[in-house]
Amino acid sequence: MDCIFCKIINKEIPSTIVYEDESVIAFKDLNPVAPVHILVVPKKHISALREVQEEDITLLGKVLYTCKEIAKSLPECDGGYRVINNCGDNAGQTVKHIHFHIIGGKNMPNLI
Ligand code: 5GP
Ligand code: ZN
């Protein structure tokens, strides 16, 4: 499958991995928008949030919990952080493998 994040998961292309276990991987975003910009990704290829199935509920809970654990380990996130999922073209999703951005280390205006 021609998926850049599957290639990162399979170590076919390099990335700066900050966390990995049997079902989840987290690595630094190539083009960070903040001092902390980490992508948290389930190893199972799911193209977007709208494709998540009931069988994925535990996995998605684990991904979100991993976001929290990673942020907790980073002093830059002590003052707060944002977890973002872009779903679909209108939301600006560019990589069609579900992922959650952890953004932190700066003050961010509210989006909504
Ligand atoms: P999206 O716009 O789909 O929510 O976010 C995709 C993110 O993946 C972008 O922030 C982009 O910088 C990042 N990205 C794209 N290709 C690569 C890559 O090859 N390696 C890493 N580490 N990040 C990537
Ligand atoms: Zn993939």
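Reader: What pattern does the protein follow, read along the sequence?

Author: This is a predicted model. Read along the sequence, the protein follows α-β-β-β-α-β-β, and its secondary structure comes to two helices and five strands.

Reader: Which residues are closest to ligand 1, and how many surround it?

Author: Ligand 1 is surrounded by 16 residues, and the closest are Lys28, Asp29, Asn86, Thr94 and His101. By type, the shell holds seven nonpolar, seven polar and two charged residues.

Reader: Which element supplies the largest share of that shell?

Author: Helix α1 does, with three residues. Both α1 (4-9) and β2 (24-28) supply at least two residues each.

Reader: What makes the pair between Asp29 and ligand 1 a polar contact?

Author: The cut-off is 3.5 Å between N or O atoms. A polar side-chain atom of Asp29 lies 2.5 Å from an oxygen atom of ligand 1, so the pair meets the definition of a polar contact. His101 has a polar side-chain atom 2.8 Å from an oxygen atom of the ligand, and for His99 the distance is 2.9 Å. The protein covers 83% of the 520 Å² of accessible area that ligand 1 has on its own.

Reader: Which pocket does ligand 1 take up?

Author: The space taken by ligand 1 is the largest pocket.

Methods
Residues numbered from 1 in each chain as written. Chains lettered and ligands numbered in written order. Predicted model: local features only at pLDDT ≥ 70, side-chain atom pairs only at ≥ 80, totals over all residues. Heavy atoms only, no water. Near = heavy atom within 4 Å. Polar contact = N/O pair within 3.5 Å; in protein donor to acceptor, adjacent residues only side chain to side chain. Areas by Shrake-Rupley, 256 points an atom, 1.4 Å probe, with all protein chains shown as cover. 1 Å grid on protein atoms, 1.4 Å probe; cavity = no way out; pocket = protein on both sides within 12 Å on 5 of 7 lines; lining within 4 Å. Sits in = over half its atoms within 2 Å of the grid points. Helix = DSSP H or I, 4+ residues; strand = E, 2+ residues; numbered from the N terminus. Nonpolar A, V, L, I, M, F, W, Y, C, P; charged D, E, K, R; others polar.
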